[in-house]
Amino acid sequence: MIWPAAAGRVVDSWHVLGMRGTGSHDITVEGQFVPASDSLDLFAGAPSVAGPNFVAPVLHILAHMAAVAVGVAQGALDEVVTLARGGKKRVFARASLAESPVFHVHLGRAEMDVAAARALVRATSEEFWAACVADPAAVPAIVPRLSAMLAWVVETCTRVVDACYRAGGAGVARDASPLQRRFRDMHTLSQHAVAAEGFLGQVGALRLEQPAGFWS
């Protein structure tokens with residue numbers, strides 16, 4: 001439902017682990033009448049404004065969130081590389097990060113994970129956008145893979161951020177560390193309902209030619 005901003009009140013409730021900059025506070029509205037003409041079905045409503053941006057607008061958020069996850073993971077990767085190039089050596093370690101074959105393996109895996117996540121976001125988003133532009137009726141068939149894409153990307157990027165955080169040692173636990181902030185942001189993002197691993201089940205069900213509901 002849509003109403004004048006002045007009719008609502010923002011409740012200062014967004015005190016969280018990460019993603020603090022989104023300002024996702026609660027809103028209260030009391031005694032405000034909203035006519036039917038100012039209401040819409042967020043998931044299945046027909047757009048009244050022309051253009052691909054307004055075809056299933058709530059679904060565009062899935063691609064946006066996946067892009068954020070990739071950005072957070074890339075930032076963590078860049079930060080740990082900066083640490084390693086700066087001579088970072090963990091206490092009790094035999095070699096610095098830059099000289100450690102084990103770290104090389106972890107870093108290489110993280111690089112490939114981020115590259116794969118970015119490629120999947122781009123490919124799925126381009127398919128979704130093409131349908132919004134040329135064939136809106138085809139959008140529902142893409143939704144299961146779009147949802148599964150976000151779940152997999154968040155899962156993969158969380159793994160990358162965790163690996164970077166562990167490699168950074170105790171120093172990255174400090175508030176001043178960019179890696180600490182990215183760790184908090186990634187784990188907060190991973191808790192979002194639309195990033196839950198259950199959405200992967202839709203693709204699995206379709207692969208087996210089984211019914212794929214909103215949640216499998």
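This is a short tour of the chain, stop by stop, with something to select at each one.

**Before you start**

You're looking at a predicted model, where local features need pLDDT of at least 70, side-chain atom pairs count only at pLDDT 80 or more, and totals for chains, interfaces and linings use all residues. Residues are numbered from 1 along each chain as its sequence is written, and side-chain values use heavy atoms, with hydrogens and water left out.

**Stop 1: the whole chain**

Show everything as a cartoon. The C-alpha trace spans about 70 × 45 × 30 Å along its principal axes. Of the 216 residues, 33% count as buried, meaning under 20% relative accessible area; exposed is over 50% and partly exposed is in between, using a 1.4 Å probe and protein chains only.

**Stop 2: the core**

Now select Leu59, Val139, Val153, Cys157 and Met186: these have the most contacts inside the largest nonpolar core, a group of 42 residues. Such a core is a set of buried Ala, Val, Leu, Ile, Met, Phe, Trp, Tyr and Cys residues joined through side-chain atoms within 4.5 Å. Two or more residues each come from α1 (57-85), α2, α3 and α4 (178-189), and α1 gives the most, with 14 residues.

Zoom in on Val153. Which residues does Val153 touch, leaving aside its neighbours within four places in sequence? They are Ala66, Ala69, Val70, Ala117, Leu120 and Val121, where contact means heavy atoms within 4.5 Å.

**Stop 3: α1 with α3**

Colour these two helices. α1 and α3 pack at an angle of about 20 degrees, with axes 9 Å apart. Axes are lines fitted to C-alpha atoms, for helices over the stretch in contact, and angles run from 0 to 180 degrees between N-to-C directions. The pair is therefore roughly parallel: angles under 35 degrees count as roughly parallel, over 145 as roughly antiparallel, 65 to 115 as roughly perpendicular and the rest as oblique. Their contact has 24 nonpolar, 1 polar and no charged residues. For these classes, Ala, Val, Leu, Ile, Met, Phe, Trp, Tyr, Cys and Pro count as nonpolar, Asp, Glu, Lys and Arg as charged, and the others, Gly among them, as polar.

**Stop 4: α1 with α4**

To see the contact, show side chains including Met65, Val72 and Leu83 of α1, and Leu179, Arg182 and Met186 of α4. By class, this contact has 11 nonpolar, 2 polar and 2 charged residues.

**Stop 5: α3 with α5**

Next, select helix α3 (residues 139-167) and helix α5 (residues 200-207), whose axes come within 7 Å and cross at roughly 130 degrees. These helices are therefore oblique to each other. Among the residues making the contact are Pro144, Ala148 and Trp152 of α3, plus Leu200, Val203 and Leu206 of α5. The contact divides into 7 nonpolar, 2 polar and 2 charged residues.

**Last stop: Ala130**

Finally, pick Ala130 in helix α2 (residues 101-134). Buried, exposed or partly exposed? Ala130 counts as partly exposed because its relative accessibility is 41%. Select Pro52 too: its C-alpha atom is 8.7 Å from that of Ala130, although the two residues are 78 residues apart along the chain.

Note on methods
Helix = DSSP H or I, 4+ residues; strand = E, 2+ residues; numbered from the N terminus.
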